[in-house]
Amino acid sequence: MTWFLFRSPSWFFVTGFFIAACTHPVATPTDETGFRASPATWVVHDTTWTENIRRTNAEWKSLLSAAQYRITREHGTEPPFSHPYNKVHEKGIFYCADCENPLFASETKFESGTGWPSFWKPYHRRSVKLTEDRSLGMVREEVSCARCGAHLGHVFDDGPAPTGLRYCMNGLSLKFQKEMLTTKLEKAVFAQGCFWCVEEIFESLKGVKDVVSGYAGGAEPNPTYEEVGSGNTTHAESVEVTYDPSVISYSQLLKVFFHAGDPTQVNGQGPDWGTQYRSIIFYKNTAQKSQIESYMQQLTASGKFKKPLSVQLLPEMPFYKAESYHQDYVRQHSDNPYVINVSIPRYRNAIRHFPELLRHVP
Ligand SMILES: [Zn+2]
């Protein structure tokens, strides 16, 4: 009996108990969580490079401390070794104290020994502007904020490689912000029988941001549930897991996978039979493939399973999101007989193996 028949709108007698199969209820608009991976990147709050800021002296005076005003608006110089930014070596960005224009990245900061924060390159070629300064009987290049005109310091040609420049800045003209990284989320795709069940199991894990039910492993583009469920495609019901690797590792996801069902069952899972219910792990690269193979060897050597593991390893392939009514199916249909008799027992049996990975204590 195929899973497709199993979920057709009628009653079937299966393995000794009655299960009222699903009648494909009206779609619930819960398929989009709006959650998307963000690349790890600098968070720069203000790059409106061309939007110059012009204020009167009275306005700047009302906004700045007296010391800042003296430095940035009256071309002052702070005493050497007087500002704590001399000793800041954390990753981050130095902004203009007056207008928050990004001026220098910490990667370009170096120890000049002068007692002033020193950099060999501005954050962006449009961060600062240079003008000739003939004050104090010297010819120097003054560095000011390209956005608001704040005096920052001077640039000299005795800096380190690769530019050979030393941007000698007043700490009072800067505002440091530590690096803020957004978490880089990863995706992993697994197939192990009914995606309703597998989705619910992976949804229970801490560090998992989203699980989407869909189809993968086959050649046919944009398959439907009916096509896959009937066994007429080369796809398998699958789930795409979006997770935060700083909270849950890929090896922990593998542990979950191998305890979420029976990884020895060939071309099926539980009461559902057919290649559309086969077990597959989709790997992203050869290192991940080796990791999976190594874990499978460990499991086999442990003698935990009485039969050989039957899990297909496939390189990353297109994942086709299933129809919206299949998303979060178990939660949306907790009174469905298949959910009651198959999904929930499977879920309860699975989570006993990894209580430490659960979002909530069961
Ligand atoms: Zn500025």
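The structure is a predicted model. Mean pLDDT for the protein chain is 84, and 84% of its residues reach 70 or more. The start of the chain is another matter. Over residues 1-50, pLDDT stays under 50. The model still has 81 contacts beyond four places in sequence for these residues. Where pLDDT is low, the predicted coordinates should not be read in detail.

Turn now to the open sheet. Six strands build it, in the order β18-β17-β12-β14-β13-β19. Pairing in this sheet is mixed. Its edges are β18 (311-315) and β19 (320-321), each of which pairs on one side only. Inside the sheet, β13 and β14 run antiparallel and are joined by eight bridges.

Helix α6 lies across β12, β14 and β17, and runs at about 15° to β12. Helix α7 lies across β17 and β18, at about 140° to β17. Follow α7 along its length. It spans residues 286-302, 17 residues in total. From first C-alpha to last it reaches 24 Å, close to the 24 Å expected at 1.5 Å a residue. How many of the 17 residues of α7 are buried? The number is zero, so α7 lies largely in the open. Gly303 follows α7, with a positive phi near 75°.

The nonpolar cores come next. In soluble globular proteins, nonpolar side chains tend to be buried together. Here the largest nonpolar core has 41 residues. Phe190, Val198, Phe202, Val239, Val241, Leu253 and Phe257 have the most contacts inside it. Elements that each supply at least two residues of this core include β12 (186-192), β13 (208-216), β14 (236-243), α6 (250-259) and α9 (337-351). The largest share, six residues, comes from α4. Phe202 shows the packing in detail. Leaving aside neighbours within four places in sequence, Phe202 is in contact with Val208, Val211, Val239, Val241 and Val256.

Strands β7 (residues 128-133) and β8 (residues 140-145) run antiparallel, joined by six bridges. Lys129 stands opposite Ser144 in β8. Six residues lie between the strands of the hairpin, where Leu136 takes a positive phi near 60°.

Key. Residues are numbered from 1 along each chain as its sequence is written. This is a predicted model: local features need pLDDT of at least 70, side-chain atom pairs count only at pLDDT 80 or more; totals for chains, interfaces and linings use all residues. Two strands pair if DSSP finds at least two bridges between them. Helices (H or I, at least four residues) and strands (E, at least two) are DSSP runs, numbered from the N terminus. A nonpolar core is a set of buried Ala, Val, Leu, Ile, Met, Phe, Trp, Tyr and Cys residues joined through C-beta atoms within 7 Å. A residue is buried if 20 or more other C-beta atoms lie within 10 Å of its own, exposed if 12 or fewer, and partly exposed in between; C-beta atoms are placed from the backbone. Two residues are in contact if their C-beta atoms, placed from the backbone, lie within 7 Å. pLDDT is the predictor's confidence in each residue, from 0 to 100. The expected span of a helix is 1.5 Å times one less than its number of residues. Axes are lines fitted to C-alpha atoms, for helices over the stretch in contact, and angles run from 0 to 180 degrees between N-to-C directions.
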